[in-house]
Amino acid sequence: SVGELRVRDGEQVTKGQTLLVVDSPQTEDQLDAAGDAYQEALRSGVGGIPPADFSRTQAATDRAAREAFDQARDAARKITDPELRAAFLAQIEQSEQAYAAVTADARQAVSQFNAGLASVSQALGSLSAAQRAQAKAALDLARRQVAALIVRAPIAGTISLVPIGAGQPVGDLSGLLGQLPPEAAGLIGSG
């Protein structure tokens with residue numbers, strides 16, 4: 001139905017001037033819902049998953065291990081028996097090598113874990129981008145539908161509003177209807 005008639009009989013209009021606005025609360029509601037969905041899509045999916053950072057813990061552990069190995073070496077050097085001292089120093093050396101191997105494995109595990117997080121974060125980012133694009137397309141469509149509710153003069157001229165009573169023939173409106181934008185065609189007769 002016509003929500004607002006913006007011209008009077010006999011009025012001169014210019015091409016593109018608004019003649020009337022079709023009343024369609026459902027279309028306005030769809031625009032509001034699409035706008036809300038788009039805003040929600042913009043809010044969600046921002047950011048990613050931060051990588052795990054064990055550098056401080058690893059540095060503290062390495063420092064404590066270094067101190068422990070140094071103290072063990074100092075204690076082993078005080079052993080007077082050369083064979084026993086050599087055996088203790090060899091054990092300390094083996095322990096230090098084992099610690100280095102375990103530390104390298106731990107660093108590799110953290111690196112692989114972070115690589116996995118990066119992949120998950122990238123996938124989530126792609127999904128969020130797709131949702132934002134879909135919501136934007138729905139919003140653009142709703143905006144076009146609302147814009148189609150505005151009927152504009154296809155040419156400059158004089159408005160002739162002829163009241164038609166119930167049961168009176170309207171005449172051939174196919175030329176006028178053919179000038180409506182395609183988006184408005186589906187709105188004719190609804191209301």
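1. What share of the contacts in the chain with a separation of 6 or more is accounted for by residues 24 or more positions apart? In this predicted model, such residues account for 73% of those contacts.

2. The chain has a mean pLDDT of 81, with 82% of its residues at 70 or more. The lowest confidence falls in helix α4 (residues 174–177), where the mean is 58, whereas strand β2 (residues 12–13) has the highest, at 93.

3. As to secondary structure, the chain contains five helices and five strands. Their order along the sequence is β-β-β-α-α-α-β-β-α-α.

4. One aromatic pair is present in the structure. The ring centres of F69 and Y99 lie 6.1 Å apart and the ring planes meet at 70 degrees; the pair is therefore edge-to-face, since planes over 60 degrees apart are assigned to that class. The pair connects distant parts of the chain, with F69 in helix α2 (residues 55–77) and Y99 in helix α3 (residues 82–147), 30 residues apart.

5. The two partners may also be described by their accessibility. F69 counts as buried because its relative accessibility, 13%, is under the 20% limit. Y99, with a relative accessible area of 24%, is partly exposed.

6. For the chain as a whole, 20% of the 191 residues count as buried. The accessible surface amounts to about 13400 Å², and carbon and sulfur atoms contribute 57% of this area.

Methods
Residues are numbered from 1 along each chain as its sequence is written. This is a predicted model: local features need pLDDT of at least 70, side-chain atom pairs count only at pLDDT 80 or more; totals for chains, interfaces and linings use all residues. Side-chain values use heavy atoms; hydrogens and water are left out. pLDDT is the predictor's confidence in each residue, from 0 to 100. Helices (H or I, at least four residues) and strands (E, at least two) are DSSP runs, numbered from the N terminus. Rings of Phe, Tyr and Trp (its six-membered ring) pair if their centres lie within 6.5 Å; planes under 30 degrees apart count as stacked, over 60 as edge-to-face and the rest as tilted. Buried means under 20% relative accessible area, exposed over 50%, partly exposed in between (1.4 Å probe, protein chains only). Contact means heavy atoms within 4.5 Å. Accessible areas come from the Shrake-Rupley method with a 1.4 Å probe; for residues, only the protein chains shown count as cover.
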